[in-house]
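Here's a quick briefing on the salt bridges in this model. Have a look at the structure first, then read on.

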Amino acid sequence: MYKVEHNKLSRSALNFSEEVIFFSRIEDTYVLGTSSNKIYSCDKNLKIQEVALRDQAYADANVIVSGSWVNRQLLAIGTLRGGVIFVNPLNGLTQEIVNYATGLPDNEVFEMTTDVNHNVWVAHDYGFTKISPFMPLGSFSHYEGLQGNLLCAYSSQNTVYVGTSLGL
């Protein structure tokens with residue numbers, strides 16, 4: 001690992017043996033993703049700490065390719081085969097997985113970035129998708145068992161009824 005200092009490359013004080021495939025910065029903290037599907041945080045004192053993913057098996061099976069901070073308590077991790085994993089970097093717990101089954105047009109994530117409104121923009125084979133992790137809406141266009149075009153929805157007594165062009 002190198003740093004740019006006085007317009008020259010010099011060795012970094014970070015002693016990192018794995019290949020870094022992405023990084024993301026929030027204030028004075030970085031998150032690094034490696035080719036071994038590991039996630040690390042690095043503070044301003046160059047102290048590296050692994051983010052122990054509770055769903056490491058999912059990350060390993062789907063291959064981590066990118067990542068982006070959403071805020072200090074939420075990290076978006078893009079995968080090659082499994083969409084986007086939203087993880088709390090403080091405890092490694094998965095908050096949500098957004099993939100083809102939950103509205104992403106393709107599970108293969110090319111790149112991601114987060115905007116100032118905490119929306120995650122995901123680049124994939126079909127273009128871009130904006131994921132709003134704090135908006136209480138979801139996509140049910142790929143929901144198993146739901147057929148036809150959505151026309152209306154009604155919520156009553158903890159049950160959601162959906163009217164489609166092919167029935168209720």
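R72 and E27 pair up through their side chains in a salt bridge, 2.9 Å from N to O; the term means a side-chain nitrogen of Lys or Arg within 4 Å of a carboxyl oxygen of Asp or Glu. Keep in mind that this is a predicted model, where local features need pLDDT of at least 70, side-chain atom pairs count only at pLDDT 80 or more, and totals for chains, interfaces and linings use all residues. Residues are numbered from 1 along each chain as its sequence is written, and side-chain values use heavy atoms, with hydrogens and water left out.

**The network around R72**
- E27, D28 and R72 are linked in a network of salt bridges.
- D28 meets R72 at 3.3 Å, N to O.
- D28 sits in the loop between β3 and β4 and R72 in the loop between β7 and β8, so this pair ties together parts 44 residues apart in sequence (strands are DSSP runs of E, at least two residues, numbered from the N terminus).

**The E50–K38 pair**
- E50 and K38 form a salt bridge at 3.9 Å, N to O.
- E50 belongs to strand β6 (residues 48–51) and K38 to the loop between β4 and β5 (39–42), so the pair ties together parts 12 residues apart in sequence.

**Accessibility**
- E27 is exposed, at 57% relative accessible area (buried is under 20%, exposed over 50%, partly exposed in between, with a 1.4 Å probe and protein chains only).
- R72 is partly exposed at 30%, and D28 is partly exposed at 34%.
- E50 is partly exposed at 38%, and K38 is partly exposed at 27%.

**Whole-structure tally**
- Searching the whole structure turns up three salt bridges.

How values were computed. Helix = DSSP H or I, 4+ residues; strand = E, 2+ residues; numbered from the N terminus.
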